[in-house]
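Morning, everyone. I'd like to walk you through some helices today. Please bring up the model.

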Amino acid sequence: MLPVDGFGFWEGRELGKVNHRMDPEVSAVRLTILEAVHILSSSEDGGRIFCTLESLKRYFGETENPALPEEQEEFARIHFSTFLRFLVGKLSPDWLELLPDGQMEELWASFFLEGPADQAFLVLMESIEGAASPSFRLMKMVQLLARFLSVGRMAAVMEGQCRQQAGPAFPLLQETLLTKVVGLPDRLGNRLQRENLATFFPQNYFPLLGEEVLRVLQVVVDSLRGPGESLRPRETEPEVLSRLLGNLVTKNKKAQFVMTRKLLFLQYSCTMPMLQSLLGYLAMDSQRRSLLMQAGPTTHQVLKELLETWGSSSAIRHVPLVQQRYVSKAILICLAHLGEAELQDSRDELLASLMEGVKSRLDSSLPPVRRLGMIVAEVASARIHPEGPPLKFQYEEDELTREMLALAMPRPAADGPSEAGPSFALVSGETPDRETVDCSGPQAGPEGSDSELDSDDEFVPYDMSVDRERRSSKAPSYVRGCLEALTGSEDWERWEAALWALEGLIFRSPAATQEVSVELAKVLLHLEEKTAVAGFDGLRQRALVAVTVTDPAPVAEYLTTQFYALNYSLRQRMDILDVLTLAAQELSRPGRLGKAPQRGSPDPGSQPGGAVVPAWRAVVEERIKRKTRRFSKGSAGQAPAVGPNEFNLVAGYFFFPLLQHFDRPLVTFDLLGDDQLVLGRLAHTLGALMYLAVNTMVAMPMGKALLEFVWALRFHGDAYVRRGLLSAVSAVLLSVPTEQLLADLLDELLEARSWLGDVAEKDPDEDCRLLAVKALLLLEKLRDKLLPLSSP
């Protein structure tokens with residue numbers, strides 16, 4: 001490190017050498033800098049120091065009176081690095097405060113940001129690695145390095161090494177630069193430890209470095225083009241990769257591993273343009289195309305292995321959803337680059353991998369996973385086997401869906417006639433709340449076909465506004481009349497009118513409803529749609545909720561018994577769980593008596609089979625916010641409604657029977673086996689019931705039983721199930737009084753804390769990690785009471 005005041009190193013050795021080889025005119029630079037150093041070292045006049053530093057910037061050539069070119073060259077080649085080290089030595093709080101408003105620091109930093117970038121970078125790294133830690137100087141240099149990166153100076157470092165040098169090259173300098181550029185995250189991480197900045201994290205630094213490399217490459221390409229070529233359109237990224245790398249990927253094993261394995265299977269941070277460039281590069285040349293499809297003794301079949309990974313049941317359970325999307329998109333891009341001739345030899349093998357993946361993904365309890373399976377299955381089957389019956393799924397379209405379908409558009413091969421094959425039609429769903437598969441239906445006819453003759457777009461819609469009045473005239477006036485109409489009537493208008501009227505009649509006639517409540521619940525649970533009545537599922541569900549709220553104990557006992565009974569579909573079992581949750585929510589609503597019920601049915605698009613889970617999570621979030629201490633801002637809004645919690649007396653009927661037989665498989669129903677979708681819904685339902693039982697007498701035994709349920713299933717492989725279990729833990733912490741938690745559930749909470757910590761750190765599902773963190777935050781509020789009791 002240079003002395004702040006003497007500058008003796010420069011005056012003695014370095015400048016002595018310069019004096020022997022510089023003529024008097026050029027060596028005037030040395031005299032100017034020596035004078036400036038003397039002023040900077042001895043003066044405490046901020047204005048004079050500012051003027052002195054500003055005068056030296058003429059050697060950058062950016063002022064109105066720039067130095068001569070040979071003077072600028074001498075300053076940059078001989079004096080610049082040493083002067084930067086001197087400026088580093090001057091850095092102190094008192095020196096920077098000689099001028100107000102950060103003017104001194106800005107001028108000081110400009111020498112690093114405007115001078116020769118390679119020397120500035122090396123001095124920055126040298127100063128950071130040599131500064132005391134912790135210190136004012138260290139943090140200022142670190143902040144300046146972050147700014148150096150943010151303003152694009154790393155591109156200037158690389159560009160300077162790419163220019164044709166007038167003098168001899170310096171391999172040692174280039175090697176030093178390369179080492180420090182590549183190793184910057186490790187060096188800064190080791191040096192700064194916990195004080196490290198996010199800019200230097202590998203996940204942030206290397207994408208920035210990659211962008212700078214592309215900028216420099218473009219500059220180099222532009223400089224090598226002739227005057228006429230500079231007007232040509234820019235090359236696409238695959239062409240740039242092809243020009244730069246050639247067939248390196250077929251000759252170098254390490255390059256082949258990076259391009260065909262690491263970037264596709266081990267990482268998933270590449271953007272879609274980058275992924276398209278990579279796969280497009282492989283498809284541009286006949287030798288590289290063999291890596292996409294054709295087998296060889298030393299090559300990887302990229303598409304084949306992508307499909308195998310995509311269809312792996314283990315990967316579906318344990319790989320993050322973002323990586324599953326990445327692999328899915330890579331498959332579609334590969335298919336877009338391949339033609340019929342290339343697919344012919346391996347068609348059967350690829351179709352087998354495809355169908356295995358379809359089965360695994362359709363069995364998943366997570367809608368995004370199922371939808372990925374549907375999209376890839378549709379596109380891949382149409383591409384691999386276009387003459388066969390097309391797969392047709394129904395799913396909700398969004399931006400991700402449209403992006404993936406666009407990726408599959410066939411592209412011509414780059415080094416020969418296009419064999420991309422015929423285009424194919426993709427059939428998307430019209431009813432997003434149901435996901436079904438049809439392998440035999442024909443595709444839509446081409447534009448201009450006879451199908452246009454069947455279009456009814458030009459017809460004026462028939463006025464059906466009087467239908468409601470006609471239906472109302474046939475609607476029964478009593479609950480028993482509705483029951484008879486739904487069970488025995490062949491008058492379909494009366495059947496539909498009864499279904500529309502039933503919910504209102506139940507709430508208006510509670511006594512009459514209680515006489516037939518269980519029978520009515522049985523009829524509604526087994527009710528099938530007999531006419532094209534609009535909103536059939538919602539009407540049926542609301543009527544079931546109404547009868548459960550009106551006579552909760554016997555109806556809940558019936559429904560929970562039927563949940564584990566034989567000969568029920570998975571849809572019916574999930575309907576039971578939805579009804580129990582919605583009814584419990586209505587019963588627990590403060591001030592419910594004398595008010596209209598809160599109507600609404602689950603939204604089938606948000607979670608598997610319903611929106612009970614999002615609603616439950618929303619109220620948990622609200623409860624967590626209420627339990628978080630904040631400074632009061634005064635009263636706002638109306639006071640919440642108060643009243644008895646009607647769920648208090650019947651919570652046990654809703655909750656405990658659902659826990660009794662979850663581990664006992666039936667012939668057609670196995671919660672611990674293939675029916676994990678229902679198991680996940682059960683876990684979410686139990687958590688919701690636990691939350692709604694707050695301040696009830698049974699909250700404590702419910703919490704204990706629920707934690708035992710969670711503990712038995714805590715390592716379940718399905719992410720949706722684990723989410724339900726984690727939500728259930730939060731529900732226990734929110735609903736059971738603190739005193740009872742500490743008195744009766746201390747051991748369980750201590751075990752849960754260790755498990756939650758592992759989930760928050762290691763679970764592959766992002767939602768699970770987030771739920772675990774939220775549960776840990778709730779446990780944190782008990783920490784002061786838990787630790788004294790748990791210490792020996």
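Start with a definition: the expected span of a helix is 1.5 Å times one less than its number of residues. Keep in mind that this is a predicted model.

Take helix α2, residues 28-42. Val29, Arg30, Ile33 and Ala36 of α2 are buried.

Next, helix α31, residues 552-563. Its 12 residues should span 16 Å, and its end C-alpha atoms are 16 Å apart, which agrees. The buried residues here are Pro552, Val555, Ala556, Tyr558, Leu559, Thr560, Gln562 and Phe563. What do the buried residues of α31 pack against? They pack against α29 (517-526), α30 (536-550), α32 (570-587), α34 (651-659) and α35 (676-692).

Last, a helix pair. The axes of α15 (residues 253-266) and α18 (residues 302-311) come within 11 Å. They cross at roughly 25 degrees. Angles under 35 degrees count as roughly parallel, so α15 is roughly parallel to α18. The crossing is right-handed. Who makes the contact? From α15, Thr260, Arg261, Leu264 and Phe265. From α18, Val302, Glu305, Leu306 and Thr309. By type, the residues of this contact between α15 and α18 divide into 4 nonpolar, 2 polar and 2 charged.

Conventions:
Residues numbered from 1 in each chain as written. Predicted model: local features only at pLDDT ≥ 70, side-chain atom pairs only at ≥ 80, totals over all residues. Heavy atoms only, no water. Axes fitted to C-alpha atoms, helices over the stretch in contact; angles between N-to-C directions. Helix = DSSP H or I, 4+ residues; strand = E, 2+ residues; numbered from the N terminus. Parallel < 35°, antiparallel > 145°, perpendicular 65-115°, else oblique. Left-handed = near helix turned anticlockwise from the far one by under 90°. Contact = heavy atoms within 4.5 Å. Nonpolar A, V, L, I, M, F, W, Y, C, P; charged D, E, K, R; others polar. Buried < 20%, exposed > 50% of the residue type's maximum accessible area, 1.4 Å probe, protein only.
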